[in-house]
Amino acid sequence: MTVSTTTGQPGSALERTSGGGGGTLADVVETVLDKGVVIDAQVSIAVVGIQLLEINARIVIASVETYLRFAEAVDRLSIVPKDTKGLPDLVGDAAGAATKGKAVSGLGKAAQEISGAVADSLRDRGSERERERPRRRRDEER
Amino acid sequence: MGQENGLFIYGIVPSDVEPTPEAEGVGSPPGEVIAIQHGELAALVSEVGLEEPLGRPADLTAYERLLDGTAVVAPVLPVRFGTVVTGADAVEDLLAAHHDRFAAALDELEDRLQYTVHGRFDEQEFISGFLAENAAAAALADEVRGRPEIESREQRIRLGEMISQAVELRREAENRDLIDAVGRYAEADVALPPSHELDAVRVSFLVAGDEEDEFVRAVEDFAERRRDLIRTRLIGPLAPYDFVSAHQLVE
């Protein structure tokens, strides 16, 4: 996401992205692809088939892969359920080994046991995901 | 015009619309955009080489820039990206064949612009909210959390499916709420299919010039009420891509 093309009032919850192709490529593709008037048969004899580079709009179909990704997001949850008391302290301990923000907010005893190697491997997985994501998105945007 | 050239059609406008000299079209180098008139209508076109494949990012951006730039000064019917005809005669045939219908559609679009509201759930916020409300999902979350995928695959798939369904349901509700909240400041609205699995809202609105300010304020209020859960963006003003249907015009 290119921040420079996006504006908003300071403190506003709403981001503004101008039209005119000023957004990201994903925005442009989503805005214009497969839209607009289609020339019908009456004049199609004059329509020239030109070679269009393959551009695919992203189609979202939930799949096992999606489900596993959501489950992985549960692993990365750093937000403590609001109705649970006393957890921040426990999480604070568990987070010692993990980077803040990537800490696993395990519940109860399990959280205390997450330390050292386990937390590290979780953290690695988290950062791998982050590296993967932009690459995949770019591929899909074309 | 040589054998190997065609005319790329961007959109249809009233006949008094003239492209500015600096308007750049698709292709490399970018073609010069001209208007071909017929009756009350004109088509914005530029010459393209038929051997040159189109659809590079720069082509899409040029197409959108021209149409959006036109839309803020005059009504415009976008023509689907990639429509190329043999020459000026073909453009006139096209305008003649649909003259009245195009003219009527342009009348309806006078002083109207499209805005698209696109919002995405904050993943952590959504999932933690969902787990707090759904005991069965929270129990599954406890089972999978911290365990390798290979040992907990079935539970992970079940949990992920529950989350995915919750996102879908919530998305439908958010789209409805958005239309309820801001639809009164728009002439028309259309919910669009999600483009990301965490999409929270995606709706296009056709907004009249004198309602633009109120519309934007209403979207700001909507975004403000959900600021922790949804990252909301307002894209526009745009040409009315989502409000010209091929079927409506061609039948």
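In the predicted model, the side chains of B:E123 and A:R76 meet in a salt bridge, with 3.7 Å from N to O. A salt bridge is a side-chain nitrogen of Lys or Arg within 4 Å of a carboxyl oxygen of Asp or Glu. B:E123 lies in helix α4 (residues 123-133) of chain B and A:R76 in the loop between α3 and α4 (87-94) of chain A, so the pair joins two chains. Helices (H or I, at least four residues) and strands (E, at least two) are DSSP runs, numbered from the N terminus. Both B:E123 and A:R76 are buried. Buried means under 20% relative accessible area, exposed over 50%, and partly exposed in between (1.4 Å probe, protein chains only).

This is a predicted model: local features need pLDDT of at least 70, side-chain atom pairs count only at pLDDT 80 or more, and totals for chains, interfaces and linings use all residues. Residues are numbered from 1 along each chain as its sequence is written, chains are lettered from A and ligands numbered from 1 in the order in which they are written, and side-chain values use heavy atoms, with hydrogens and water left out.

A second salt bridge links B:E197 and A:R69, at 2.7 Å from N to O. This pair also crosses between chains, from the loop between β7 (188-191) and β8 of chain B to helix α3 of chain A. B:E197 and A:R69 are both buried.

Helix α3 of chain A spans residues 64-75. The distance from its first C-alpha to its last is 17 Å, close to the 16 Å expected for twelve residues at 1.5 Å a residue. The expected span is 1.5 Å times one less than the number of residues. Ten of the twelve residues of α3(A) are buried, so the helix is largely enclosed by the rest of the structure. Among the buried residues are A:Y67, A:L68, A:R69, A:F70 and A:V74.

The interface of the two chains was then examined as a whole. In total, 81 residues of chain B are in contact with 66 residues of chain A; contact means heavy atoms within 4.5 Å. The area buried between the chains is about 6,700 Å², and carbon and sulfur atoms give 61% of this area. Buried area is the accessible area (1.4 Å probe) that two parts lose on being put together, summed over both. The rule finds six salt bridges across the interface. It also finds 18 residue pairs in polar contact, both at pLDDT 80 or more. A polar contact is a pair of N or O atoms within 3.5 Å; within protein, one must be able to donate a hydrogen and the other to accept it, and residues adjacent in sequence count only if both atoms are side-chain atoms. Helix α6 (residues 149-182) of chain B gives the most to the side of chain B that touches chain A, with eleven residues. The residues on that side divide into 40 nonpolar, 16 polar and 25 charged. Here Ala, Val, Leu, Ile, Met, Phe, Trp, Tyr, Cys and Pro count as nonpolar, Asp, Glu, Lys and Arg as charged, and the others, Gly among them, as polar.

Chain B has eight helices and nine strands. Of its 251 residues, 55% count as buried. Among contacts in chain B with a separation of 6 or more, 75% are between residues 24 or more positions apart. B:D199 lies in strand β8 (residues 199-208). At 0% relative accessibility, B:D199 counts as buried. Not counting residues up to four places away in sequence, B:D199 touches residues including B:H118, B:V167 and B:R171. A polar contact of 3.0 Å joins the side chains of B:D199 and B:H118. B:D199 and B:V167 are 32 residues apart in sequence, with their C-alpha atoms 8.1 Å apart in space.

Within chain B, the side chains of B:E187 and B:R112 meet in a salt bridge of 3.7 Å, N to O. B:E187 lies in the loop between α6 and β7 and B:R112 in strand β6 (residues 112-121), so the pair ties together parts that are 75 residues apart in sequence.

Backbone geometry was also considered. Most residues other than glycine have a negative phi, and most peptide bonds are trans. The peptide bond from B:S28 to B:P29 is cis, with omega near 0°. Another cis peptide bond joins B:G236 and B:P237, where omega is about 5°. Phi of A:D34 is near 60°, a positive value.
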